[in-house]
Amino acid sequence: MKSDIDFKIVSPYKPTGDQPEAIAELYDGIMEGKPVQVLLGATGTGKTFTMANIIEKVNKPTLILAHNKVLASQLYSDLKEFFPNNRVEYFVSNFDFYQPEAYIPKSDTYIDKSVVMNDEIEMLRTSAINSVLERKDTIIVSSVAAIYGLSDPMEYASLVYEVRVGEDLDRKEFLRHLVESSYKRNNMEITPGCFRVRGDVIEVATMNGNANSYIRIDTFGDTVEKIIEVDSLTGEVKHSYQTYPIYPAYDHASTQNRIQKACESIKIEMEERIKYFQDEGKPLEAERIELRTKQDIDSLLEFGMCPGIENYSRHIDGRKKGERPFCLLDYFPDDFLLIIDESHQSIPQLKAMYNGDHSRKSTLVEYGFRLPSALDNRPLNFEEFEKLMPSTICMSATPAEYELERAGGEVVQQIIRPTGLVDPSIEVRKTKGQIEDMIEEINKTIAKGERVIIVTLTVKMSEDLTSYLKERGLKVVYLHHETKTLERGEIIYQLRKGKYDVLVGINLLREGLDIPEASLMIILDADKEGFLRSDTSLIQVVGRVARNANGHVIMYADSVTRSMQTAIDETNRRREIQMRYNQENGIVPMTIEKPIVPPIHNSDDEIAETVKLTKGGSRKEIQLRIDDLTKQMRKAASDLDFERAATLRDIIIELQDSIH
């Protein structure tokens, strides 16, 4: 670590409610050496601000894991605001579209890997790795991409080239080093990952997360005279440096010496595999693996790269068969802090990654499309991940069995919301006459200018209920699992605006369902035990109306199941704590005021038109729309608005599917 800068929050806010107690308790637990702690934080209690305060107090490099890119981008944006003077980085998969390589034996169908790389995200990934190697005050917000294979951190660090003012620079050696570190020479345009040479001046656009500047190194003879950062557009000098580390341009960069050694061991494995297939009487597989591997070896020796180079990572890293790959966690020092957000979803996702990857690649290996060593290009299995876990905080409104067990059954609570809002009240009503009773409650809610969310158990019931409520004159809309991204955004937008009063769905726990105007939640078939009616799911569903001061939940059921009782008891426990705090501090709960922003454009007509295109627009019209949205996506990514960029990416993919 080269930096002794401490983490420092810049914010007008101070911890309130039960945040100070939660921060102190979690900090003490870390200092006492507790391996895993659980923060049971209700929705809207400011868990991200608590997270920031813990990072500031502990003052260690920090990795934050989120279960999807949208949540990761939101955390990244929030923490970047809290820590403007420290390094806050973003690390997710660098694909806008990803179709993994696969083989389907039944139909003899080989599917080649198809990817659309996102250069902005690749730059941010590399910046994240560089920051954690360089500075102690680094926070990386990551998806499960954190457990996927990267190059050996020692090898990567060896590719760092430090330039100093006043010292001699071997130009030939430096330029060779840039090429070996995956930089490309481009004397016409200086873009991230490129360099150019003009007389005594060498310009390098490093992958440091800033696409709008580059580093200029002025030399006189062999001596470095000046190192400055230049704005790519205006040519304005932004900073000057006495020393500057040039990090690799690619997170899988490796030296040519390692590549050459790897090719020797790849060739040995190829010959062993050819013999295996020949002995098994499989000449087609033997020919297939020989042809592909020889092509890859030739490409590696010539260019230092080949398609699917990651499948040879075991040879390039010098790992043994079955030995786990290096990953983002290996780039952190031994003593760092790990925070797993929404742990009840993130941990099961971490557990699932290895098996899916192994199953797909085993088929490729069996039929001669890949060498067996490709199986060692993989995500960590969960046992390997556990061994790398440092002091860890799991954060969730509904922590699951794993994290509770690792924490010894102890939880740190954060129940009180800074807004004074309390968890919704819950009542259970019999199913007899439930439809008429429900309509009466809906009309009462609509009369107050508020919205209603209804959760059913089956698709058919959702469709039938929506049709019936429409016949009764209600403005109702149905949200189901096949609803496209754009259409989903429009439905929520129009519900908040008041075009609809009632939203009907099955599993409404996905991200994006943030509707402060909704005050009534109706849960049908609440007593049908299962995934959608587990205590965790019920608590999460109840939380959807916790942003409204009049939040209320009606469960229709003929009996009270264990899951229902657990959800009711936990919600009532939280309500009691919240109401007591409000009373003691004279706080009157107020519904959250959130601007109603259209999902894509400021024009309802444009939103509707795009939805229509997915259902029957001409190929030319759709392609023009795709081109427009692609420009918007790239701009959003360059502006670090990753939530918007991710939504636009999903819409583009859906439009592309409609013309294929």
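Me: What share of the contacts in the chain with a separation of 6 or more comes from residues 24 or more positions apart?

Reply: Such residues account for 75% of those contacts, a contact being heavy atoms within 4.5 Å. This is a predicted model, in which local features need pLDDT of at least 70, side-chain atom pairs count only at pLDDT 80 or more, and totals for chains, interfaces and linings use all residues. Residues are numbered from 1 along each chain as its sequence is written, and side-chain values use heavy atoms, with hydrogens and water left out.

Me: Why is T50 called buried?

Reply: Buried means under 20% relative accessible area, exposed means over 50%, and partly exposed lies in between (1.4 Å probe, protein chains only). T50 has 0% relative accessibility and therefore counts as buried. This residue is found in helix 2 (residues 47–58), where a helix is a DSSP run of H or I of at least four residues, a strand is a run of E of at least two, and both are numbered from the N terminus. Leaving aside residues up to four places away in sequence, T50 touches Q19, I23, L39 and Q414. Across the 660 residues of the chain, 53% are buried.

Me: Why is V502 called buried?

Reply: Its relative accessible area is 0%, so V502 is buried. V502 lies in strand 23 (residues 502–505). Its contacts, not counting residues up to four places away in sequence, are I442, V452, I454, K475, V476, V477 and L495.

Me: What makes a set of residues a nonpolar core?

Reply: The members must be buried Ala, Val, Leu, Ile, Met, Phe, Trp, Tyr or Cys residues joined through side-chain atoms within 4.5 Å. The largest such core has 34 residues, and those with the most contacts inside it are L63, F91, I140, L328, L338 and F385. Elements giving two or more residues to this core include strand 1 (36–41), helix 4 (119–134) and helix 10 (343–366). A second, separate core has 33 residues, including L26, I54, L71 and Y76.

Me: How do you know that strand 14 and strand 15 are paired?

Reply: Two strands pair if DSSP finds at least two bridges between them. Strand 14 (residues 223–231) and strand 15 (residues 237–241) are joined by 4 bridges and run antiparallel. In strand 15, H239 is the bridge partner of E229. The hairpin has 5 residues between these strands, and G235 takes a positive phi near 80° in it.
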